[in-house]
Amino acid sequence: MPQPDPIRILFVCLGNICRSPSGENVLRHLVEAEELSEHFHIDSAGTIDYHSGHSPDTRMTAAALKRGIAVAGRARQATPDDFREFDLIVAMDRSNYDDLLALRDQCSEPTARLAMFCDFCENHDESDVPDPYYGGAAGFEKVLDLLEDGCGAIVRRWQRGEL
Ligand code: 4NP
């Protein structure tokens with residue numbers, strides 16, 4: 001099947017203030033560097049609405065900025081319609097994935113492909129992007145290591161027509 005152009009990608013975590021807005025902005029950063037912005041529509045959402053309207057976590061934005069990546073946006077909750085409005089929905093961990101399966105069941109005509117983020121990683125063996133919210137600084141670095149790995153692979157897969 002030909003790749004949609006632009007391809008619409010939604011990153012999803014629990015709160016949409018740490019992992020998924022970082023995934024959104026890491027991928028956007030890489031896509032801009034490759035001058036491919038017109039080919040990608042990128043967004044993020046959380047499975048809970050607790051942080052809806054909030055900016056990304058300041059510990060996360062500080063860690064990303066040290067790598068030259070500005071993490072911006074406002075949190076929102078994922079909806080059943082997202083399964084019609086995106087081509088690829090990427091879950092940060094297994095619990096997010098399971099919650100998204102339940103959301104997909106509420107969408108009348110779901111078309112999005114649902115994937116686990118770590119399945120894109122080429123240099124890490126983890127299956128989940130670990131939730132950094134209640135941990136220390138190393139957790140935020142781990143999130144970024146995984147995101148840079150997987151998002152780089154997402155761009156290269158797109159370039160090969162294999163996303
Ligand atoms: P995120 O991190 O899912 O990566 O945005 C979290 C943010 C908030 C909470 C948990 C994880 N929380 O429990 O409020």
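**Notebook: cores and a helix pair**

I began with Leu-100, which lies in helix α4, residues 94–105; helices (H or I, at least four residues) and strands (E, at least two) are DSSP runs, numbered from the N terminus. I am working from a predicted model, in which local features need pLDDT of at least 70, side-chain atom pairs count only at pLDDT 80 or more, and totals for chains, interfaces and linings use all residues. Residues are numbered from 1 along each chain as its sequence is written, and side-chain values use heavy atoms, with hydrogens and water left out.

**Leu-100**

I looked up its accessibility. Leu-100 counts as buried because its relative accessibility is 1% (buried is under 20% relative accessible area, exposed over 50%, partly exposed in between, with a 1.4 Å probe and protein chains only). Not counting residues up to four places away in sequence, I found Leu-100 touching Val-12, Ala-78, Phe-83, Ile-89, Ala-91 and Leu-114; contact means heavy atoms within 4.5 Å. I also checked His-39, which is 61 residues from Leu-100 in sequence and 25 Å away in space, C-alpha to C-alpha.

**Leu-144**

I moved to Leu-144, in helix α5. Its relative accessibility is 0%, so Leu-144 counts as buried. Neighbours within four places aside, Leu-144 is in contact with Val-26, Met-60, Ala-63, Ala-64 and Arg-67. Met-60 is 84 residues from Leu-144 along the chain, yet their C-alpha atoms are separated by 8.9 Å.

**α1 against α5**

I looked up how these helices pass. Their axes come within 9 Å and cross at roughly 45° (axes are lines fitted to C-alpha atoms, for helices over the stretch in contact, and angles run from 0 to 180 degrees between N-to-C directions). The two are therefore oblique to each other; angles under 35 degrees count as roughly parallel, over 145 as roughly antiparallel, 65 to 115 as roughly perpendicular and the rest as oblique. I listed the residues that meet: from α1 they include Val-26 and Leu-27, and from α5 they include Leu-144 and Ile-154.

**The cores**

I then took the largest nonpolar core, which has 37 residues (a set of buried Ala, Val, Leu, Ile, Met, Phe, Trp, Tyr and Cys residues joined through side-chain atoms within 4.5 Å). Ile-9, Phe-11, Leu-27, Phe-40, Phe-117, Ile-154 and Leu-163 touch the most other members. I noted β1 (7–13), α1 (19–33) and α5 (137–159) among the elements giving two or more residues to this core. The largest share, 9 residues, comes from α5. Ile-154 touches, among others, Ile-9, Phe-120 and Leu-163. I found a second, separate core of 15 residues, which includes Ala-45, Ala-78, Tyr-97 and Leu-114.
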